[in-house]
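Dear colleague,

Please find below the structure I am handing over to you. My notes on its packing and its aromatic pairs follow.

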Amino acid sequence: MPVASSPTKTPGAGRYSLRPFGQQGDADLVFQWRNDPVTRDASFDTAEKSRTDMERSLETWCREDPLPPHLLDYENTPVAFVRISRPRKDSLASASSVEISIHVAPDARRRCGHAKAALQLADDAIQRAGHNQIVALVKEENAISRRLFEGRGYRRTGEVEIPGSEDVSVLVYLCDFA
């Protein structure tokens, strides 16, 4: 079920909106962003994805995730992909929680607070959809993502192993809604 999100202003930046994935060209953008070397390095599965595999994943996510995938637009230009999924069984999350992942477009990184805006709008949409907890799994060496979640008030609650993730250390961050 798509969650309508109204545009928001972030101090010092332009207008942001979080919209459901599915406009013409969205799949191509997400495919390009996912295969960017920096994005792959921050992912648990660092292998490059084929277009067919990515399309299959997107179809599954649209059909099975608690909320559909979304894109963050900044002044009507897509700058980030947000996925809100069921938490992994080994993530230490409650049954009513969801897992969030954010991928910022390579040419939009480190500008205007795009990741912060994506997380803020996604947190709001998740809460409106009735979920009481969000889990974020972050590679320990991903300092940018750790700072993003910690800065938004997520608390580090542990560490888990992700099968097939090349024995990397994965930190668990939780955000609870009162």
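I100 touches V82, R83, L119, A122, I126, I134, V135, A136, F149 and Y154, leaving aside residues up to four places away in sequence; contact means heavy atoms within 4.5 Å. This is a predicted model, in which local features need pLDDT of at least 70 and side-chain atom pairs count only at pLDDT 80 or more, whereas totals for chains, interfaces and linings use all residues. Residues are numbered from 1 along each chain as its sequence is written, and side-chain values use heavy atoms, with hydrogens and water left out.

The largest nonpolar core has 40 residues, and L72, I100, F149 and Y154 have the most contacts inside it. Such a core is a set of buried Ala, Val, Leu, Ile, Met, Phe, Trp, Tyr and Cys residues joined through side-chain atoms within 4.5 Å; buried means under 20% relative accessible area, exposed over 50%, and partly exposed in between (1.4 Å probe, protein chains only).

In helix α5 (residues 143–151), S145, L148 and F149 are buried. Helices (H or I, at least four residues) and strands (E, at least two) are DSSP runs, numbered from the N terminus. On the other side of α5, R147 and G151 are exposed.

F149 and Y154 form an edge-to-face aromatic pair, 5.0 Å centre to centre with 65 degrees between the planes. Rings of Phe, Tyr and Trp (its six-membered ring) pair if their centres lie within 6.5 Å; planes under 30 degrees apart count as stacked, over 60 as edge-to-face and the rest as tilted.

Kind regards
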